[in-house]
Amino acid sequence: MQSYNFEPACWSADKNGLANINECPLGLLSFDGQNAPELNILRGHLVSESVPTESGGNAFALDFNRKAVFGYSNDNKYYVLRDVHGTNAIPFSQAFIQQKLQGESIIVANQRIDYNPSISELTVDLSGFSEWIGTHFFRESNNLTEDGAQELKFSYCSNEPQNILLYKNNDFEVHAKHFAKRLGGYNTLHEFSFKEAWRLNFKMLDSGGMPLNDALNNLFEPFERLLAFCMGFPGNTEKITFIGIDPAVQGQYFDRYVPGEEDGIGRLAAKMPLPYPEISNRFQDIADNWINATGDARIACRAAAALLGKWDKAIDTMFSLCAQSFEATSRVGENLSELSDEEFERRKTCVLENINNKTIHNWAELKLRYANFVPAGELANRLWTKLGDFANYVIPNKKLFLQQHRESRNTYTHMREPNSDNFLTGSNLYWHARAVQVLQYGAVLLYLGFQPTEILSIFQKHNFMTSFISKAQDIYAQVEQQDDDAK
């Protein structure tokens, strides 16, 4: 999220304390978009609390935590610094004269507001979202007139754009909200600038609205991950605004979100696997499956979106995440019991009845108690079958790939010594992890309602993850040929 310069403000530990502004200390609020927001009380202190002791007296604790502190700025804005912590202002300490506090998030509103206000609308500026919508209404042409002069024309009709309803259920609607802004002109700097964009917009359908935290955690976060999945890269959360239940109440929200892509959006957009114009007629169903996912399906969806971000961790860590997400995806829609409960109990009883030694009997009973599950290798084979030609297109040698995957996954997960030559390291591990990412992405597409032939077409049409697929094909095709030559 972008940094922001806040106006100096008077601060109170209680919202109602702002009624007597003369008793509120002056403080400077700062947020750089990445680190925790800070509030620097320039003179005096904001929080000085004593706590009861076991002896019945009171004492000052070194540190404190508060739900929120409240400010009123020079430009008539109301601030809420949320989830605040810092050093308690103890008499005769430096914090009693000048105090620094940190928070987790900030609300700025045009009216006095609570820690977690109910809102009717939430709007987010997200990089890549406009490119994903893929629709614009301005027209520009550069032509030559009959006498050879250059003629530049620009047109835009403000009545033409209509917001796009992306998704709707009983509780909220999600829109692509059109935005257009003109900057400059002949009477200013003799230059003209025009910006047309789309914003992600959530509208609450209940007249009581929805608490801000719920809207952020239960609506924006899963939908932002869905958009990352469709775009093929995570967008950067640039700005979040909201409207209260009373439309006159408007504000902005600041928090530390994991940075997404900001630069080179045009290059990334050229390879979007699921641009909105191509899936508009089925996006309601796609979003339904994504938002309502539970259990392993929810884990698989979240992981597929997360893996599209920057791989800035050690390769064994990234591979472990790929392997775990692939394993979760393989469990989606599967009966994880190898046998029916009745048949398993029958076989377990048959085994235990033939063991007379009490120690061995107890040992076997404990081992068999959790033995009725389908092995991970079998689940991987089943998923491969479901993916059909897509999986075989990406990986020509399924047998070797799954052997290497199992050995590497077990070794890195359990931090043990490898047991075979199938253990992968270095660049081999990197390209294997990328291949797993491709398969896992395809498996999530399968869960969202796409057929295996469609999945293969999506990757080929948009050149999505092309370098990962080409490398996997090259590596495993060579090994497959070596196997054939050895026969």
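1. Strands S11 (residues 118-126) and S18 (residues 237-244) are paired antiparallel through seven bridges. Within this pairing, Thr 123 has Thr 241 of S18 as its bridge partner. Strands and helices here are DSSP runs numbered from the N terminus, with at least two residues (E) for a strand and at least four (H or I) for a helix; two strands pair if DSSP finds at least two bridges between them.

2. The model is predicted, so that local features need pLDDT of at least 70 and side-chain atom pairs count only at pLDDT 80 or more, while totals for chains, interfaces and linings use all residues. Residues are numbered from 1 along each chain as its sequence is written, and side-chain values use heavy atoms, with hydrogens and water left out.

3. S18 also pairs with S19, in the antiparallel sense, over four bridges. The two strands form a hairpin with five residues between them.

4. Gly 244 belongs to strand S18. Its relative accessible area is 5%, and Gly 244 is therefore buried (buried means under 20% relative accessible area, exposed over 50%, partly exposed in between, with a 1.4 Å probe and protein chains only). Apart from neighbours within four places in sequence, Gly 244 contacts Ser 118, Ile 119, Ser 120 and Val 249, where contact means heavy atoms within 4.5 Å. Between the C-alpha atoms of Gly 244 and Ser 48 there are 32 Å in space, and the two residues are 196 residues apart in sequence.

5. Strand S19 (residues 250-255) runs antiparallel to S10 and is joined to it by five bridges. In this pairing Gln 252 of S19 stands opposite Val 108. Gln 252 is buried, at a relative accessible area of 16%. Its contacts, leaving aside neighbours within four places in sequence, are Tyr 4, Ile 106, Ile 107, Val 108, Lys 239, Ile 240, Thr 241 and Phe 242.

6. Strand S10 (residues 105-109) has five of its five residues buried, so the strand is largely enclosed by the rest of the structure. In a regular strand the side chains alternate between the two faces of the sheet. Here Ser 105, Ile 107 and Ala 109 point one way, Ile 106 and Val 108 point the other way, and all are buried.

7. S10 pairs with strand S8 (residues 78-87) as well, antiparallel and over five bridges. Tyr 78 stands opposite Ala 109 of S10. Asp 83, found in S8, has a positive phi of about 55° although it is not a glycine. Asp 83 counts as partly exposed, with 31% relative accessibility.

8. Ile 97 lies in helix H1 (residues 94-97). Ile 97 is exposed, its relative accessible area being 52%. Not counting residues up to four places away in sequence, Ile 97 touches Leu 42, Arg 43 and Gly 44.

9. Helices H13 (residues 398-414) and H14 (residues 426-447) have axes that come within 11 Å and cross at roughly 105°. Axes are lines fitted to C-alpha atoms, for helices over the stretch in contact, and angles run from 0 to 180 degrees between N-to-C directions. H13 and H14 are therefore roughly perpendicular to each other (angles of 65 to 115 degrees count as roughly perpendicular, under 35 as roughly parallel, over 145 as roughly antiparallel and the rest as oblique).

10. At this crossing, Phe 401, Gln 404, His 405 and Tyr 412 of H13 meet Leu 429, His 432, Ala 435, Val 436 and Leu 439 of H14. The residues of the contact comprise six nonpolar, three polar and no charged (Ala, Val, Leu, Ile, Met, Phe, Trp, Tyr, Cys and Pro count as nonpolar, Asp, Glu, Lys and Arg as charged, and the others, Gly among them, as polar). The buried residues of H13 include Phe 401, Gln 404, His 405 and Tyr 412.

11. Met 415 follows H13 and is placed in the loop between H13 and H14. Met 415 has a positive phi of about 55° although it is not a glycine. With a relative accessible area of 71%, Met 415 is exposed.
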